[in-house]
Amino acid sequence: MNPAGKPGKSGSLMPVEVALARLLEMADASPIHDRERLPVAQVQGRVLADDLVSTLDLPPWPNSAMDGYALRVADWTGEPLVVSQKVYAGQAPEPLKPGTCARIFTGAPVPAGADCVEMQENAEVLENERIRFIEPMSPGQNIRPQGQETTVGELILPAGTRLGSIEQGLAASLGCAELDVVRKVRVAVLSTGDELVEPGQTLGPGQIYNSNRVLLCSWLQRLGCEVIDAGILPDDLAITRARLGELNDVDLILSTGGVSVGEADFLGMALREAGELSLWKLAIKPGKPLTFGHFRGVPVIGLPGNPASTLVTFALLAKPYLMRRQGVKEVEPLKFQVPAGFDWPKAGNRREYLRGRLENGRAIIYKNQSSGVLRSAAWADGLVEVLEGRTLISGEYVVFIPLSEILN
Ligand code: AMP
Ligand code: MG
């Protein structure tokens, strides 16, 4: 039986949803309460700290959806009506004189007494500012009623909403110049491995460039986190212990590498010494091993080091955890079903997240799905989820998670 309670080939591997549920439980137990007030233009990617409740009706008054003429339907007999006033957007009209019409433009308040707007294409302009209306009209036509979008006191965005351009525009439409947002979650990024050197340096024998550092730092910044770049950690217990101890004012230490099973796992050793370590073998591919623990009270997530594994485990586990720490409720990416454009003849015991693309309405996958190949993700526009124990023939449906969902 696996930890989800289901028997299966995956043996003791932990299903992805169980790992996620545990991480979210942990995140719920240590929410970030601090907040700050920011200009609405600067809240991109941040999380709303309070419910946003409308203090306005939107629109505040009935207004015209068209350029045309406002009138009372009952005044239309077929005979022309005289234009008694002109109302532009931004003006306050007089009540409509009975038996007349008002020239009106899109967004302008509809004069009291008028109950419809006829578009100018259906109006014939005669001499002496008289207008003949050609077609029958109905009350309410081309009028955007007061409060059609929101009314005073209505909940517009609940606390915990992650703010993007659309929410910023919506808040601005309600007159909010500033918003209270949760303070940025502070994340220290550590890369571990004696083999790592930074781009710009010369590679020595056995060395590779550190790609996870820039991958994660730039991703976290994009997600609205405060990033503390803690550099490369050599494979050494004393240095690991000392470096973790220095990172005492962050909300999360996020490290990559050094969690492969059977390897000298210095991060794990340091956490074990500190008394708080969970080592999870996940039913996920790429990215089987994942470490969660605390170092002197600071949460630590250790992701596997192969760049494609780092990407997948960060996307599906660490990112939702970080969002939840800030109070975001909906933390899982949008997924949808698409027909597979490939065969998957051999069932695996881990859930696969293949780097794939949509082509002619089908998901196709990159030719090399090795966990070391980050290029697969650069080629891809999403992850194709193939469940444990599943085989596929082309045309059967698979779940597709767009990268845009994951990266933002
Ligand atoms: P590890 O989990 O430390 O055994 O790492 C697994 C694989 O990922 C090894 O091939 C590492 O060299 C590679 N790796 C670990 N960290 C990084 C990194 N920051 N950038 C690129 N490759 C890495
Ligand atoms: Mg390593």
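**View 1. Elements that cover the buried side of helix H3.** In this predicted model, the cover over the buried residues of H3 includes strands E13 (186-192), E16 (226-233), E17 (252-256) and E21 (298-303), together with helices H6 (307-325) and H8 (403-407). Contact means heavy atoms within 4.5 Å. Helices (H or I, at least four residues) and strands (E, at least two) are DSSP runs, numbered from the N terminus.

**View 2. Helix H3 and the residue after it.** H3 runs over residues 212-222, and its buried residues are Asn212, Leu215, Leu216, Cys217, Trp219 and Leu220. Buried means under 20% relative accessible area, exposed over 50%, and partly exposed in between (1.4 Å probe, protein chains only). Just after H3, Gly224 has a positive phi of about 85°.

**View 3. The stretch of residues 1-10.** The average pLDDT (the predictor's confidence in each residue, from 0 to 100) of the protein is 94, and 96% of the residues score at least 70. Over residues 1-10 the pLDDT is below 50, and this stretch has 18 contacts in the model beyond near neighbours in sequence. Where pLDDT is low, the predicted coordinates should not be read in detail.

**View 4. The protein as background to the close-ups.** The protein contains eight helices and 26 strands. Its C-alpha trace spans about 90 × 50 × 50 Å along the principal axes. Of the 408 residues, 49% are buried.

**Notes.** Residues are numbered from 1 along each chain as its sequence is written, and chains are lettered from A and ligands numbered from 1 in the order in which they are written. Local features need pLDDT of at least 70, side-chain atom pairs count only at pLDDT 80 or more, totals for chains, interfaces and linings use all residues, and side-chain values use heavy atoms, with hydrogens and water left out.
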